[in-house]
Amino acid sequence: NWFVGLRVPPEAGVTAKVQGPPNGVRLFAEADLHMTVAFLGAAGEAEAQRAWDRRSLARASAISVSLGGVVPMGPPRRFSALAAELQAGRDAAGQLIQALRAPMLEAAGARPDDRPPQPHITVARLRRRAAPSERQGALAWASALELEGLRVELAELVLYTWAEDRTRTLFRAVASERLA
C-alpha cells in the first residue's frame, strides 16, 4: 500500500496521551501518526512516485489543527480503526485533501474517491477479527482519551509505504517535503 499524508510531529505529544489500549487494539507508533491526504492502495512504486509529483498542485502550506474526540472509523459494527477528529483546522485540511486526492489517485491509476474529505488522525487499529467485547472495550477506551484541544502543526507532506519490518512501525517514509 502507498499513500500521501501529513506527518504528525513527535513533539505534538499525541502518543503520550494515547496509552493503555485494551485487548485487540494496536497503537500506532509515534512515527506512524499522520493525516491521510490520498490513499493510493496497491499502486506500484512508479505510480506512487507519479502521484507524489502532483503535490505542487495544491500550493500547500502548514496546517495548524486541534484534535477532538477519538471515534471509530469504518463500518459501525466492524470498525477497523480509532481516530482523532480534527476541530480547528478541519476546513483547511479538507481543502488540502480535496485539492490533491483526485489528481494523485489519477496519476497512480488508483480508483477515484468521491467521498467528502474526512480529516482525521488514526491513533490505533483493531485486530481484524476483534470480538464484540473487544470492540466495546476499544470504544470505552477511546472515549476516555483526553486529546481534545491538543494543538498539532501539520507541516510535512510525506509519501508512505509499508515498512519492511512492521514490528516497530507500520509505515516507511519514501519522500517528504516541508510545507511553508
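The largest pocket of this predicted model is lined by 41 residues, and F39, S80, A81, T122 and R125 are those that lie nearest its centre; a pocket is here an open set of points on a 1 Å grid over the protein atoms alone, where a 1.4 Å probe fits, with protein on both sides within 12 Å along at least five of seven lines, and lining residues have an atom within 4 Å of a point. Two or more residues of the lining come from each of β2 (25-27), β3 (34-41), α3 (90-108) and β6 (120-126), with helices (H or I, at least four residues) and strands (E, at least two) taken as DSSP runs numbered from the N terminus. Strand β3 makes the greatest contribution, with six residues.

Helix α3 also contains R101, which counts as buried because its relative accessibility is 11%, where buried means under 20% relative accessible area, exposed over 50% and partly exposed in between (1.4 Å probe, protein chains only). When residues up to four places away in sequence are not counted, R101 touches V37, A38, D113, D114, R115, P116 and P117, contact being defined by heavy atoms within 4.5 Å. By comparison, Q49 in helix α2 (residues 45-52) is partly exposed, with a relative accessible area of 34%.

Residues are numbered from 1 along each chain as its sequence is written, and side-chain values use heavy atoms, with hydrogens and water left out. As the model is predicted, local features need pLDDT of at least 70 and side-chain atom pairs count only at pLDDT 80 or more, whereas totals for chains, interfaces and linings use all residues.
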